[in-house]
Amino acid sequence: MAKELQEDTCYVALTHDHLDSTSMIDRVRSPKAGAIVLFAGTTRDNFAGKPVKELQYTSYEPRALQTMLAICKSVLEKHGLTSIAMIHRLGVVPIGEESILITVSSPHRQAAWRAGEEALEECKAKVEVWKKEEFGGKEGGVWRANRDGAEGVRIDDGRKENEPAAGPHGPILRPTRPGERGHGPVVHLNSTERPVT
């Protein structure tokens, strides 16, 4: 079952289920729209020359949904869209299956094209979603922020020593940057301590 938020003509969701492009297109369909653009991000079979077995996604769901909604509202306003919808799949996403769908509708196609690309780039840069590229065999897997070219942390099969520390909402990928968008631990100070600047 999807966890979702909707505000006016912006819809966002996170789900462990298969993604349905037809239902996402229907969410943005409008008699005011002359164009609907759908972006479908799929799991490819390789990364940096290594064969990929599957991807696994995790997120800090409450914050990820809020970030996705903020992105959609901003893109909607900036490009004069009729509607926008974004859904991201969590859990295991096999090769060839969709991990994200973004649909936008607008009176004209140029705005829809630009808005769809901007929404995707903003999602990859800001949304609190992490992915593990599972290479299989002796290669193991790599956890990384869901950003193109983001540095990952290698995980060897069955060995915990190289695995990123587990936070309450996913792996802590950059422990030297506490509090960074869910990547590090929350630091609690008592009333006599001051943060180091």
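**Ground rules.** I worked on a predicted model, taking local features only at pLDDT of at least 70 and side-chain atom pairs only at pLDDT 80 or more, while totals for chains, interfaces and linings use all residues. I numbered residues from 1 along each chain as its sequence is written, and my side-chain values use heavy atoms, with hydrogens and water left out.

**Strand β7.** I took helices (H or I, at least four residues) and strands (E, at least two) as DSSP runs, numbered from the N terminus. For burial I used relative accessible area: buried is under 20%, exposed is over 50%, and partly exposed is in between (1.4 Å probe, protein chains only). I found seven of the seven residues of β7 (residues 83–89) buried, so the strand is largely enclosed by the rest of the structure. In a regular strand, side chains alternate between the two faces of the sheet. Here S83, A85, I87 and R89 point one way, I84, M86 and H88 point the other way, and all are buried.

I then looked up the neighbours of β7, counting two strands as paired if DSSP finds at least two bridges between them. Strand β2 (residues 10–15) runs parallel to β7 and is joined to it by six bridges; C10 stands opposite I84. Strand β9 (residues 98–106) pairs with β7 in the antiparallel sense, also over six bridges. There T103 is the bridge partner of A85.

**Salt bridges.** My criterion was a side-chain nitrogen of Lys or Arg within 4 Å of a carboxyl oxygen of Asp or Glu.

- K73 bridges to E7, with the closest N and O atoms 2.7 Å apart. K73 lies in helix α2 (residues 61–79) and E7 in strand β1 (residues 3–7), so the pair ties together parts 66 residues apart in sequence. K73 is partly exposed at 36%, and E7 is partly exposed at 34%.
- R29 bridges to D26 at 3.2 Å. R29 is exposed at 52%, whereas D26 is partly exposed at 43%.
- E122 bridges to K126 at 2.6 Å, N to O. They sit four residues apart in helix α3 (residues 109–126), so about one helical turn separates them. E122 is partly exposed at 25%, as is K126 at 32%.

**Rings.** I looked for charges over rings (NZ of Lys or CZ of Arg within 6 Å of the ring centre and within 35 degrees of the ring normal). The charged end of R27 sits over the ring of Y11, 3.5 Å from its centre. That of K50 sits over the ring of F135, at 5.2 Å.
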